Amino acid sequence: MWRVVLAVLLVISLISGSAQANRLHNAFVEVNYPVKPETSFLAGRTTTSRSRSDPSWRNATDDVIRKIRMNNININVTKAPGMSDSNITLQIIQTRKSFPFGTAVNSDYYNNASQAKYRDFIGKHFTWAVPENSLKWGYIEPVRGQKNYQSGLDMVNGLRSQGLKVRGHNLVWAVPKFVQPWVQALAGEELRQAVKDHVEETMNKTRGLVEHWDVVNENLHGTWYQDRLHDPDYSIEIYRIAHDTDPTVHLFLNDYSVVTGTDTQRYLEEARKFKAANVGLYGMGTQCHFHDNTEPDPDLIKQRLDLLSEAGLHIWVTEMDVGAVDENTRADYYDRALRSLYGHPAVDGILIWGFWDERHWRGEKACLASGDDLTLNAAGRLVFDLLENQWMTHQTHTLSESGDSFTVRAFHGDYELHVILGKKERADLKQTFTLSQGQDVFVKVDITGY
């Protein structure tokens with residue numbers, strides 16, 4: 001009958017330098033924060049506070065978010081003469097965000113059939129996950145030769161079936177208290193071989209299942225393997241083994257006190273050293289466990305991320321949480337931290353280190369959901385309002401108000417476009433498309449046959 005012409009054209013925006021369009025680590029938006037009071041709205045109340053350095057950080061950070069996390073959807077509608085604009089409505093609905101938001105997941109709970117609410121919560125609210133413990137060497141092989149990969153693999157496969165991507169954490173942990181006693185009894189070539197065998201076996205078992213691997217965890221703060229082998233560069237060798245085993249997976253450093261503390265310069269120097277060694281290093285994991293009862297400082301976060309970005313590597317926030325007994329204070333802390341991190345051009349993904357009071361290493365003071373029903377508290381309502389409302393795009397436009405051609409500034413992700421003529425949605429006019437970083441989308445809708 002009538003042919004409906006539907007087209008989605010992707011056009012790369014005019015960004016100076018194609019390489020810069022793909023990664024914005026060096027395209028920093030310069031911001032200055034004047035000193036004035038700040039008002040935040042959370043959990044049905046208004047609170048006023050002053051940041052130690054840059055109290056008007058929020059507007060500046062939101063401006064960065066609009067620049068780096070969004071692009072334009074340009075819509076053009078062709079209609080037959082005489083059609084009433086007031087009877088033509090378009091809905092632009094984001095179905096999935098591109099920016100990775102994830103959580104740490106406990107395999108004992110996730111694999112437990114009685115914990116369906118825990119699994120469902122993860123599938124509903126997150127797009128990435130990381131095993132909390134079940135892929136660590138100490139969990140897999142606490143006693144030499146007695147290995148348990150199944151728990152971690154079952155969880156990883158379950159997460160993937162829910163549509164989540166997974167980070168591998170971690171192959172080796174060099175902090176002495178996390179090295180198994182049987183490993184501590186080894187030395188020399190026997191120790192080297194044990195590490196090599198574990199790295200190769202674990203990476204082969206998870207091949208194609210995880211996107212990232214934290215290879216040597218907290219290398220800034222733990223040097224047990226280097227000390228035992230009298231080889232200060234032994235961690236580099238472990239990365240080389242990992243890269244040779246699976247060149248397709250992205251390898252990360254992962255450490256603490258590099259954004260929330262003062263080890264930033266040391267971490268930058270370490271990243272440059274590993275990058276220069278050509279061992280396949282892809283990214284830097286920043287753990288971001290903010291201290292109890294300490295308001296995250298947006299200015300310090302920005303300064304430290306600016307410095308880390310000089311390594312020219314991908315930066316992920318791999319383990320993020322805050323600590324405050326009062327849930328409204330906790331909500332404000334999460335708000336400040338998440339806005340600062342999401343609003344920095346160097347950050348490619350954010351994972352929180354748990355969300356439920358019954359399964360959070362810091363307990364109630366850091367959680368977003370409480371009780372058997374995983375009821376969102378003030379912090380949880382704030383966080384998921386950011387992730388699923390403020391930082392996603394859902395708009396409705398009637399042509400009598402928007403005109404035949406209009407532009408929507410929208411967050412990166414997958415979209416559906418629905419066309420409603422009068423009061424009836426036309427399923428044959430539905431379109432799907434993806435809005436990507438550095439690209440605008442042009443959508444043409446032809447309704448001349450209606």
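This is a predicted model: local features need pLDDT of at least 70, side-chain atom pairs count only at pLDDT 80 or more; totals for chains, interfaces and linings use all residues.
**Entry 1: ground rules and overview**

Helices (H or I, at least four residues) and strands (E, at least two) are DSSP runs, numbered from the N terminus.

I began with the whole chain. I found 15 helices and 22 strands. Of the 450 residues in the chain, 56% are buried. I then looked at contacts between residues at least 6 apart in sequence, and 78% of these join residues at least 24 apart.

I looked up E218 next. Where does E218 sit? I found E218 in the loop between β9 (212-217) and α9 (224-229). Its phi is near 55°, which is a positive value in a residue other than glycine. I flagged this because most residues other than glycine have a negative phi.

Is E218 buried or exposed? Its relative accessibility is 8%, so E218 counts as buried; the cut-off for buried is under 20%.

I place N293 in the loop between β12 and α12. At 58% relative accessibility, N293 counts as exposed, whereas E218 is buried at 8%.

While checking the backbone, I noted that the peptide bond from H169 to N170 is cis, with omega near -15°. N170 belongs to strand β8 (residues 165-173).

**Entry 2: salt bridges**

How many salt bridges does the structure hold? I get 28. The background I keep in mind is that side chains of opposite charge can pair when their charged atoms come close. I followed up some of the pairs.

The side chains of E190 and R144 form a salt bridge, at 3.2 Å from N to O. E190 is in helix α8 (residues 188-205), while R144 is in the loop between α5 (137-140) and α6 (150-161), so this pair ties together parts 46 residues apart in sequence. I checked accessibility for both ends: E190 is partly exposed at 43%, and R144 is partly exposed at 44%.

E310 and R272 make another salt bridge through their side chains, at 3.4 Å from N to O. Here, too, distant parts of the chain are linked: E310 lies in the loop between α12 (298-308) and β13 (314-323), R272 lies in helix α11 (residues 264-276), and the two are 38 residues apart. E310 has a relative accessible area of 47% and is partly exposed; R272, at 40%, is partly exposed as well.

My next pair was R336 with E295, a salt bridge whose closest N and O atoms are 3.5 Å apart. R336 is in helix α13 (residues 327-342) and E295 is in the loop between β12 (289-292) and α12, so the pair ties together parts that are 41 residues apart in sequence. Are these two residues buried or exposed? R336 counts as buried, at 0% relative accessibility, and E295 is buried with a relative accessible area of 16%.

I also noted a network: R58, D62, D335 and R339 are linked by salt bridges.

**Entry 3: α2 against α13**

Helix α2 (residues 57-68) packs with α13 at an angle of about 40°, and their axes are 9 Å apart. The two helices are therefore oblique to each other; angles under 35 degrees would count as roughly parallel. I have the crossing of α2 and α13 down as left-handed.

Which residues meet there? From α2 I listed W57, R58, T61, D62, I65 and I68, and from α13 D335, R336, R339, S340 and Y342. These contact residues divide into 4 nonpolar, 2 polar and 5 charged. R58, D62, D335 and R339 of the salt-bridge network are in this list.

I ended with Q150, which is in helix α6. Q150 counts as partly exposed, at 49% relative accessibility. I took its C-alpha separation from L135, which is 15 residues away along the chain, and got 9.7 Å.

Methods. Residues are numbered from 1 along each chain as its sequence is written. Side-chain values use heavy atoms; hydrogens and water are left out. A salt bridge is a side-chain nitrogen of Lys or Arg within 4 Å of a carboxyl oxygen of Asp or Glu. Buried means under 20% relative accessible area, exposed over 50%, partly exposed in between (1.4 Å probe, protein chains only). Axes are lines fitted to C-alpha atoms, for helices over the stretch in contact, and angles run from 0 to 180 degrees between N-to-C directions. Angles under 35 degrees count as roughly parallel, over 145 as roughly antiparallel, 65 to 115 as roughly perpendicular and the rest as oblique. A crossing is left-handed if the near helix is turned anticlockwise from the far one by less than a right angle, and right-handed if clockwise. Contact means heavy atoms within 4.5 Å. Ala, Val, Leu, Ile, Met, Phe, Trp, Tyr, Cys and Pro count as nonpolar, Asp, Glu, Lys and Arg as charged, and the others, Gly among them, as polar.
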